[in-house]
2 protein chains.
Amino acid sequence: MGRPAALSRELIVDAAANLVAEHGAEAMTARRLGEALGCDPSALYRHYANMDDLQREVGDRFLAAVHVAPRRGESWVAAVRRICVELRAVQLHQPRLAVLVRAAPTRLANELRITEALLRELRRGGFDPAQVAAAYHSLIELTVGAAAIDATMAAEPAAARRRAYREWRAHYGTLDPAEFPNAVAVAGHLYEGSADDRFVFALDALLLGIRVTAQNGAPSVP
Amino acid sequence: MGRPAALSRELIVDAAANLVAEHGAEAMTARRLGEALGCDPSALYRHYANMDDLQREVGDRFLAAVHVAPRRGESWVAAVRRICVELRAVQLHQPRLAVLVRAAPTRLANELRITEALLRELRRGGFDPAQVAAAYHSLIELTVGAAAIDATMAAEPAAARRRAYREWRAHYGTLDPAEFPNAVAVAGHLYEGSADDRFVFALDALLLGIRVTAQNGAPSVP
DNA sequence: AGTCGTTTGTCAACACCGTTGACAAACCGC
DNA sequence: GCGGTTTGTCAACGGTGTTGACAAACGACT
């Protein structure tokens, strides 16, 4: 009963996803979305409590691109690595949306799918439940967190990115050696390679640390 | 020459920092800042190109709270750990400001100070320059990234936080065991303890992985 | 002393943003 | 046909960053 709905959550989230894919996440405003849908901006509030609600669903829609199916012959470490790398890639493409996804777990379809897959692989690794949970949180914090940091630069073209990295390196190199001896000493290696390389290094180190911790227990730190 | 300046970058950044400390980072708008300074909002643009410029400086000012001086008898691992934990604590208090600090290195005074200290401790650990840079980037991505994720919840009172964690745990536990067997299995351990605990676990694992990697080289992943 | 150029703050305005409350259109069951 | 309910429209509110024209206030030069 009631007036027949011309809009629906699905129609809205579709249009919003298109808008984001074409014009970037900052284009997803109530007014532009209303224009794309041919309706008044305020009509959206009949289907979503507020724009954050909608953004959360759009964000989850983009997570559909992450493939979590296990591959034959793949170790659990390799699977976790692959899932995290893919998750990062998706988040780098939609920096603004990632903000909301990472504030709190949305527990929407695709996020649950990824969570389940990561937990599956970690359990395959032989950890006990508490270790699995701790490892999962570590991986998510690094993966999603690093994506948050890198997203801004990832939006730039590759040439601009390399130029920026080179400038930063150079800047650290020209600091006062009396005040910043260590920065000057390693300046040549800061921001070396791609952000993806740096992430994978961190990810591998974290995975290694998780494995060693599970075997030996947490090492003591004097 | 010219009309004498009533404002200055220092006066502005002082007022902005006070505003943020008292009313939160979202209170740092041009109009409220103008009101606090007794000037027109547009006067700010004589001293800063835009609000992002100003936010970056205010963000760096808050980093002054991070103590990086070496302590006697403290191992390099303990020092790195301590600096990262302090850095995280500061970022958790100013979530909005952290957004800008983490988009790209500001290379302002306090950020440089922290960078120098982390590099100092890592070099004390006996790594070669390339390893120091890689380790530094890993630590920053985890520390600042995790702070970005946790900042939203950290703004809530502790009771609300614990309630949210409990709800999430419960939600994972009530998922369909056929579709999400692993989530159901470890649900009881997800979001266990505090966000700080989870961060320290990840940080220790990462530090351990970095040390092992430097000793043995990167492990192969089948 | 008067004028010029420069710096700096003021004012009004522009173009946005999310969101709300009153209203009208369009359906269902009665 | 008459209510009740749902759904979209419209106008508006209060907020945001930012800009361009203008005026005040100085130092320097004639």
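Trainee: Which residues lie nearest the centre of the second largest pocket, and how many line it?

Mentor: The second largest pocket is lined by 43 residues. A:Glu141, B:Ile149, B:Asp150, B:Tyr165 and B:Arg198 lie nearest its centre. This is a predicted model: local features need pLDDT of at least 70, side-chain atom pairs need pLDDT 80 or more, and totals for chains, interfaces and linings use all residues. Residues are numbered from 1 along each chain as its sequence is written, chains are lettered from A and ligands numbered from 1 in written order, and side-chain values use heavy atoms, without hydrogens and water.

Trainee: What makes a space a pocket, and a residue part of the lining?

Mentor: On a 1 Å grid over the protein atoms alone, a pocket is an open set of points with protein on both sides within 12 Å along at least five of seven lines. A cavity is a set where a 1.4 Å probe fits but cannot get out. Lining residues have an atom within 4 Å of a point. The second largest pocket holds about 810 Å³, a volume being the space filled by probe spheres set on points joined across faces, edges and corners.

Trainee: Which helix gives the largest share of that lining?

Mentor: α8(B), with eight residues. Helices are DSSP runs of H or I, at least four residues, numbered from the N terminus. By class, the lining has 26 nonpolar, six polar and eleven charged residues. Asp, Glu, Lys and Arg count as charged; Ala, Val, Leu, Ile, Met, Phe, Trp, Tyr, Cys and Pro as nonpolar; the others, Gly among them, as polar.

Trainee: Why is the relation of chain A to chain B called a two-fold axis?

Mentor: Chain A can be laid on chain B by a turn of 180 degrees and a shift of 0.0 Å along the axis, with an RMSD of 0.1 Å. That is the two-fold relation.

Trainee: How do you know that the copies meet through the same surface?

Mentor: 100% of the interface residues of chain A are also interface residues in chain B, so the surface is the same. Contact means heavy atoms within 4.5 Å.

Trainee: What makes a residue count as near DNA strand D, and how many do?

Mentor: One of its heavy atoms must lie within 4 Å of the strand. 25 residues surround DNA strand D, A:Arg3, A:Leu7 and A:Asp40 being among the closest.

Trainee: Which side chain reaches a phosphate oxygen of DNA strand C at 2.9 Å?

Mentor: A:Tyr45, through an N or O atom. B:Ala6 uses a polar backbone atom, 2.7 Å from a phosphate oxygen of DNA strand C.

Methods
Copies are superposed by least squares on the C-alpha atoms of residues with pLDDT of at least 70 in both. Helices (H or I, at least four residues) and strands (E, at least two) are DSSP runs, numbered from the N terminus. A polar contact is a pair of N or O atoms within 3.5 Å; within protein, one must be able to donate a hydrogen and the other to accept it, and residues adjacent in sequence count only if both atoms are side-chain atoms.
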